[in-house]
Amino acid sequence: ADIGRNILNGKVYTSNFSFYNSAALNMNEFVGISRWVPPAMPLAITGFFKIFGISDLSVMATSSFFYLLLVLTTYLLGKRLFGSLVGFLTALAVAVNVNFLEYATSGASETLFAFEIVLAAYLFILGKKRANIFGFLVLILMYLTRPQAIIYLFGFLLLFFLLNFPIKKALSYFSVAFVLGSAIYLLFSKQGLFAVTQHLPGVASSDALRGGFQEIQVLPILKKIFYNLYNFYKLLPEITSPYMWAFFLIGLIVWTKDKVVNSLKIATIFMVGTTFLVTALTIPLYRYLHPIIPLVYLFAVATLVWIVEHIFKTKKKVVIVSFLLVFIFVVGQTLGVIFLDSRFKAKTVNKGRAPVYVELSWILRDNTNTDEVVVTNLDTWGSWYGERRTIWYPLKPEQLMGLEDKVDAIYLTSYLIDDENYYMGPEWRQIFENPKNPKDEFIAKNYKFAGEFKVPPDENYEKQEGRAILLVRK
């Protein structure tokens, strides 16, 4: 959103939020996140900004638009392969998925990425030359949407080869493409190696973005893969419906004589396995697993309907029972979250109030100048809501030595200070708790106390007391 706002305001493709210097990436200057954010989603948000104006609503409208396209395309894919019933039930399962509903209302790029995955599958299974051309264009767009698109590029190359060549040639061609493509990607992708080597067990995934550096060691990386895969297995119900996982796995032993269906199933198995493996190898966030869920649901629902068809012989009973099962296994869980869990949550928040990080960002905006560079622990919120150029604070204050001429102010807040990825270390915490008398020599010499601010619990959404301190350059 920040990139889109800058584009609309006549600036280049850039963000007002930067990571701290990264030794792991050989970066000696502040690393703006625009360097790592592919352009598809920011450009889409820019388009919605032009239509609806710059606001949170425009950001949400962008992700909601792609959510609707995802649901529609899922229906078309399911209908093409298995008929209207499977298409409708799969689209319904995707539409009520809690994670996709959250992404649709938060401006996340997951809805666009998942839509591209389903659209690419639909285009390739059409088996027409023009459709294949558009399919490869979607793969390019996919690469311009999310860094992990390389997984799905290989997956859809496998699908293309399986659909257009005999099985032995298809696997041979794919093996060559996979080996060469992986080598080229790892050779030129600093981001890929960074994710593998700098996010190790016992180390917060954000440390490398705050100036931390980890020595490359093979054994810790192997341990990371093992434990992350184990955690994924243990927590499958938190990733998506466990019942759909069960039907998907059952479907692995159910094969048809339809080459198109079998080819997409093989490609889906490859993409699911590779997605889990690469996520375990890099940063184990569930949101990196979710884009493949529509294809998992497709084969899960197809298996469910196949089982029902072998039990009930009339079409009407098949439709009713299949719908009831999808309702119980998927829809009911989401309805519980919306209508039951939300009732409890409503008692713990202040409806109609801005989140505490927004309130803290507004305080930053009102107490600093537009052209100032601010080091803060507010993540991207300080640049979006605070409308300032912000830098995520390093692990320790001493890491700012030599940069005092570039940093105009330091703004520390109570926002997630005990969270693993935002953790405020003892050096910063001493400054935060006693800003008038910081013990750190560098801070005491170069910065002075400019104010302490509080946000009462009854004035923010989370009902949390917010606190912030501001230091400015002497």
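In the predicted model, D366 is classed as exposed because its relative accessibility is 54%, where exposed means over 50% relative accessible area, buried under 20%, and partly exposed in between (1.4 Å probe, protein chains only). The side chain of D366 meets that of R365 in a salt bridge, with an N to O distance of 3.1 Å; a salt bridge is defined as a side-chain nitrogen of Lys or Arg within 4 Å of a carboxyl oxygen of Asp or Glu. R365 counts as partly exposed, because its relative accessibility is 27%. The model is a predicted one, in which local features need pLDDT of at least 70 and side-chain atom pairs count only at pLDDT 80 or more, while totals for chains, interfaces and linings use all residues. Residues are numbered from 1 along each chain as its sequence is written, and side-chain values use heavy atoms, with hydrogens and water left out.

Across the whole structure, seven salt bridges are found. One of them joins R473 to D408, with the closest N and O atoms 2.7 Å apart. R473 belongs to strand β7 (residues 466–473) and D408 to the loop between β4 (389–392) and β5 (409–413), so this pair ties together parts that are 65 residues apart in sequence. Helices (H or I, at least four residues) and strands (E, at least two) are DSSP runs, numbered from the N terminus. At 30% relative accessibility, R473 is partly exposed, whereas D408 is buried, with a relative accessible area of 16%.

A further salt bridge is formed by R146 and E110, whose closest N and O atoms are 3.0 Å apart. This pair links distant parts of the chain, 36 residues apart: R146 lies in the loop between α7 (129–143) and α8 (149–164), and E110 in helix α6 (residues 110–125). Both R146 and E110 are buried. Through salt bridges that share partners, E110, R146 and R287 are joined into one network.

The surface also carries a nonpolar patch of about 1,100 Å², whose members include F88, V98, I320, F323 and L340. Patches are made of residues with over 30% relative accessible area and no salt bridge; like charges are joined within 9 Å and nonpolar side chains (Val, Leu, Ile, Met, Phe, Trp, Tyr) within 5 Å. Accessible areas come from the Shrake-Rupley method with a 1.4 Å probe, and for residues only the protein chains shown count as cover. Helix α16 (residues 315–346) supplies the largest share of the patch, ten residues. I320 is located in helix α16 and is partly exposed, with a relative accessible area of 44%.
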